[in-house]
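Please read the following points alongside the sequence and the structure.

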Amino acid sequence: MEVLLIGGSGSLMNAMLNKLNKEGHRSYVLTGSRNAAGVYKNVYERYNFSYDCDCLKEIFESINPDVILFTGAYDPNFSWEDPRRESVRFLAGIQNVVSAFAMMKKGRLIFLSSQEVYTNSYPNDISEQVQASAASLRGITYVQGEELCRNYHQTMGLDTVVLRLDHLYAVPHGERLLGERLRDNVCARMCVEALRTGSIQASANKVFSMLHLDDAVEFIYQVVRAQRTQRQLYHLSSQQPLTELALAQLVQKEMGDRVGLTDQTVGSEYRVILSAKAFADEFGMKLFHAYEPSVAVMAKYFRRHAGDYLRETDTGAGAVTRLRQTLLYLVRALVPFLENIVCLVPVFLLDEGAADSAYFARLDFYLLYVLFFAMMHGQQQAVFSAVLSAGGYCLRQAHRIGGLEVLLDHNTYVWVAQLFILGLSAGYLKDRLAAVQGEDLEEMQYLAGQLDDIHDINTSNVRLKNVLEVQIVNQNDSFGKIYEITSSLDQYDPSEVLFYAAEILSGLVGSKDVAIYSVANDSYARLFSATSKKARELGNSIAYKSYGQMYEDLKERRVYINKTMDENYPLMANAIYSEDRMQLILMIWGIPWERMTLAQANMLVVIGYLIQNAVVRASRYIEALEHQRYVGGTRIMETEAFASLVKAYLKARNKDLTECTILRIDIPKHRQEEAAAALEKLMRQSDYLGRLSDGNLYALLANTEHKDAMLVIQRFSEAGYPSRVREGMEL
């Protein structure tokens, strides 16, 4: 099974990877960060991409997972120190993950939530039917994630499952417990509090239950491996009530006598315990970790690593650093204004000196000054330089002709308006050009990021391809060898293909008991070929729609696996479809229990497709020669075609692949067409009429022994057409 785990490195992630590795599954990890830290053990392939990246669909298609496990509420990538920001990131991530999963149209998505969706106090254990009552932004975010999975299930029919874990706890093993993450693990919080303060504060009115990480992993794995689930929401809980004060006493006992205990019991009882009855009824539930020994192990760990948890970690920048950053920002913002003021001085002097020059008198230095800053810094600095220029101009003119005359001169206002118009126009073009360049740069960076993502995915695919090539070469039951064996069907006559398909299928799956049924209509399927007496025990004709779970699986194009070992059903079965119609049913008995796995089921699907290709080619060949096989206007097969069919059946009967009986109908040749029209109504669709080289009319009864043929002979005789059994040697 291919399993994709989504989340940062942590205790839950590592425990799930270890479990999947022990069970023989192939694990992939989407870390949720381009610069993911931490060690992911037992991972087949690791993808360092954020949850909101555009290439998530390509990653899913590359892996093609059977199950996707999103750690959700237990993902270390979300610190929840800033709930609003983390809520937006979380919902954007789960939305992108679920939408990419929806485009796959296969597999199962499991979303891990927590008891945080309940804020109220409940006198009884909380079942899945109780509506969520989250009050914190974090709890509301989890509820929205659950609703998103539920909506996709209802509207698109996706297989999504939400698991709510009740107060998960475990030894952190090197994880840093900070902020909100420390609050999640109640037992760890008390141990850290005992180390830092030498005292534990607890209340006897807070009642809850805790679920050990190892137990949670076992329960999650049962959902991962289940072929289908009855519900879309389950609560996972130990259902063992525990007060906060009782837990604090256990921690105090294990942390040593120097740790004090402060009883803060006030108010009424606050009780939140999830009920796991629905999960236990469907999957069974057995707990392996009790509170007292588990708390002892955790306390021992924290005592040993006390130095790592004695002080809070300062995640802020500090007052001095913030002041330095503010000053740096102000300096950067003021630099263009300072440049503007400094440049005004030489412009003022140049304009003053050029006023009496014959060559430069008509040159407007203020205009050039405004134009320069508009082109360099945009509209803002253009306006500021225009204001400075107007001030410098008015100052010079006032010195020459007086301040009142300057204010009354209309040329002054025209000149100032000219400065602002030129400055704003040139500044707008500069700002617009900068915006376009910024957009182009952003688009280039985006495309470069996409190219890097594609390169990373391609590198992973190449690595996987090389590994799989080695596996294909080394495996005895590799797809290459399966194709080589099934392609040998092409060498047989079209009428022999299905007989030898059963023989080849028997060899590939390692079972002596294989049967192939041909679907006759919407109700019945008829036995075409079987390799043993055991494989024929269902009979020559079966009402396949009455086979309950087997029919449901075949209808949904899934491989049926007889998990209950019901003797009335084959151990495995698969249907072959052609143009959305069920054509053949492959049934297998005699498979060892340890080989009834997903890998064997997948191999059966591949074999089915390869057999289908051979059958389709044979059927099309026969249809192409339809006009040559039958006497015009009748169901009597021509001599050559009928002889080939009889030969195929007799050859298959000698190899014990089928049963057949051949009847000679004793009537004159001129009455054969009349007899064919009457006898066709007395025969099955799988039986044939035809002529042989002696010119007589024969009937080929497929999957019919001699004793059963007597009934057919009797029906023929009653219709006025006597017949008798003929052996192969006589023919």
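**Notes on the aromatic residues and a histidine**

1. Phenylalanine 90 has a relative accessible area of 0% and is therefore buried. Tryptophan 80 forms an aromatic pair with phenylalanine 90, and this pair is tilted, with 5.9 Å from centre to centre and 45° between the planes. Because tryptophan 80 lies in the loop between β4 and α3 whereas phenylalanine 90 belongs to helix α3, the pair ties together parts that are ten residues apart in sequence. Tryptophan 80 is also buried, at a relative accessible area of 2%. The model is a predicted one.

2. In total, the structure holds 25 aromatic pairs. One of them joins phenylalanine 70 and phenylalanine 90, whose ring centres are 6.1 Å apart and whose planes meet at 25°, so the pair counts as stacked. This pair links distant parts of the chain, since phenylalanine 70 sits in strand β4 (residues 67–70) and phenylalanine 90 in helix α3 (residues 83–104), 20 residues apart. Phenylalanine 70 is buried, at 0% relative accessibility.

3. One aromatic cluster is formed by Tyr51, Phe70, Phe78, Trp80, Phe90, Phe111 and Tyr142.

4. Two arginines deserve a look. Arginine 26 lies over the face of tyrosine 44, at 4.1 Å from the ring centre, while arginine 557 has its charged end over the ring of tyrosine 577, 4.2 Å from the centre of that ring.

5. Is histidine 212 buried or exposed? Its relative accessibility is 12%, so histidine 212 counts as buried. Histidine 212 is part of strand β10 (residues 211–212), and, leaving aside residues up to four places away in sequence, histidine 212 touches Leu168, Tyr169, His289 and Ser294.

Terms used
Residues are numbered from 1 along each chain as its sequence is written. This is a predicted model: local features need pLDDT of at least 70, side-chain atom pairs count only at pLDDT 80 or more; totals for chains, interfaces and linings use all residues. Side-chain values use heavy atoms; hydrogens and water are left out. Helices (H or I, at least four residues) and strands (E, at least two) are DSSP runs, numbered from the N terminus. Buried means under 20% relative accessible area, exposed over 50%, partly exposed in between (1.4 Å probe, protein chains only). Contact means heavy atoms within 4.5 Å. Rings of Phe, Tyr and Trp (its six-membered ring) pair if their centres lie within 6.5 Å; planes under 30 degrees apart count as stacked, over 60 as edge-to-face and the rest as tilted. A charge sits over a ring if NZ of Lys or CZ of Arg is within 6 Å of the ring centre and within 35 degrees of the ring normal.
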